[in-house]
2 protein chains.
Amino acid sequence: MQSPAPTRGDIRRAAILEAATEVFMELGYAGASIDRIVQLAGGSKGTVYRHFGCKADLFAEIITALVARMTAPIEHQRPDTADTTQELAATLTRFGQTYLDVLVQPQSLALYRMVMAEGVNFPDLARVFYARGPGQVVMQLADYLGALRGWDSLATPEAEVMAREFLSLVRSDLHLKALLGVEIPSAAQRALTVKRAVALFLAQYQPVPGATAAK
Amino acid sequence: MQSPAPTRGDIRRAAILEAATEVFMELGYAGASIDRIVQLAGGSKGTVYRHFGCKADLFAEIITALVARMTAPIEHQRPDTADTTQELAATLTRFGQTYLDVLVQPQSLALYRMVMAEGVNFPDLARVFYARGPGQVVMQLADYLGALRGWDSLATPEAEVMAREFLSLVRSDLHLKALLGVEIPSAAQRALTVKRAVALFLAQYQPVPGATAAK
DNA sequence: CTGATACCGTACCGTACAGTACCGATTCAA
DNA sequence: TTGAATCGGTACTGTACGGTACGGTATCAG
């Protein structure tokens, strides 16, 4: 499990990745220059190309790493399917809160902007981003909701649709405003938005057996 | 009301705007080149700079025009505040449908991508985009819902919050997927999403006087 | 210790781009 | 008709960038 002593190459590679991540996030793919990355990472231009081949490949590697980094805290907060129905509101709140908090972090916003701007030129990368990022979150929540649904009768669509609806409510337009740089929502705003999302969601979907279905 | 005969300058200006709009939408601000625009519009590079000063100003003018063009069909579908409560579901469906249809059009997607990518470099433009675009749509729907709410008792938050929640449900993740180029939703998918958004919204917010409030 | 390999620094190539300059042709107002 | 302003075409400047080449130096395996 221990790393087998990082070689000199590993060290250079890591330094370049770190510097490139910062530069890409600040300036985007088109705006970033290799020279700027080298200046920040130290070392030489040739080393960058020996390790990563070309600018596009370096970019791709950074994006995939960033997606994993972004999804990690949400995955860690993944609702346990053993959670009982009584805890549904709390579970949704916790999950939604983590999701929204991560989403409006500067790094997440920069990542979204990059992938959207360059998605046309890197279609494969955009697909990977969705599948391992937002799509992954949907599936996690859907798994939880699906297990809950088999638990008792619930006049609802597929769990995946429910998950999408809930996450859409959580995002609200806070994500859009943040992406545009119009307004970074405060913690209080985020908490309130999550709270309202949970309320609206539970008004429609009430898995507790004793409750009367809406119709 | 009649235009006072377009001069030669007006014609050139319009041609440049049209060409620049196409090039910017296809390649983004950074990717687009003035030479490419001139090549498409015909004429000369000097004419572009005489009319618009610099690339950034040309870009700004195009973005503001595009926002207006994008919002127009939604504004046209603006729900009349005279609509009765009985028509609420139909009104929401019609409004949401128009909103979502516009949102996933290629031109809208290109516009969103441009503003998000360059929002850091053009913060004023990003604010204008939000205020006259998505923000405007929220306000229109909020006006309608607000008028309805005064109409009868309704245990709800501000109309603006309700409008945001509804529009978030309509966008779902279809907008995100389309922005990333992962998947352009079909008309059937869009219609279904709107239908479900209306259902979920009405499960929580029922303005008809005879209905029992949720709590 | 020795050879091979990775690294640094820098100079360099080709290209692309924003913006300017200039000239001849065209348009348009007076 | 005449003078001014605009336009087209093109050549040009300066700059920035991706990527390569190369010589000298440090690192590391055998």
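Let's start where the two chains meet: in this predicted model, chain A puts 33 residues into the contact and chain B puts in 33 residues. Putting the chains together buries about 3100 Å², and carbon and sulfur atoms give 68% of that area.

One to look up is the pair Asp173(B) and Arg164(A), whose side chains meet with 3.4 Å from N to O.

| Element of chain A | Residues |
|---|---|
| helix H6 | 106-118 |
| helix H7 | 123-132 |
| helix H9 | 159-171 |
| helix H10 | 174-180 |
| helix H11 | 187-204 |

H9(A) gives the most, with six residues. Sorted by class, the side of chain A that touches chain B has 21 nonpolar residues, along with eight charged and four polar ones.

How far can you trust chain A? Its mean pLDDT is 90, with 87% of the residues reaching 70 or more. Confidence is highest in helix H2 (residues 34-41) of chain A, at a mean of 98, and lowest in helix H8 (residues 134-151) of chain A, at 87. Residues 209-215 of chain A are another matter: the pLDDT there is below 50, and the stretch has two contacts in the model beyond near neighbours in sequence. Where pLDDT is low, the predicted coordinates should not be read in detail.

Notes: Residues are numbered from 1 along each chain as its sequence is written. Chains are lettered from A and ligands numbered from 1 in the order in which they are written. This is a predicted model: local features need pLDDT of at least 70, side-chain atom pairs count only at pLDDT 80 or more; totals for chains, interfaces and linings use all residues. Side-chain values use heavy atoms; hydrogens and water are left out. pLDDT is the predictor's confidence in each residue, from 0 to 100. Helices (H or I, at least four residues) and strands (E, at least two) are DSSP runs, numbered from the N terminus. Contact means heavy atoms within 4.5 Å. Buried area is the accessible area (1.4 Å probe) that two parts lose on being put together, summed over both. A salt bridge is a side-chain nitrogen of Lys or Arg within 4 Å of a carboxyl oxygen of Asp or Glu. Ala, Val, Leu, Ile, Met, Phe, Trp, Tyr, Cys and Pro count as nonpolar, Asp, Glu, Lys and Arg as charged, and the others, Gly among them, as polar.
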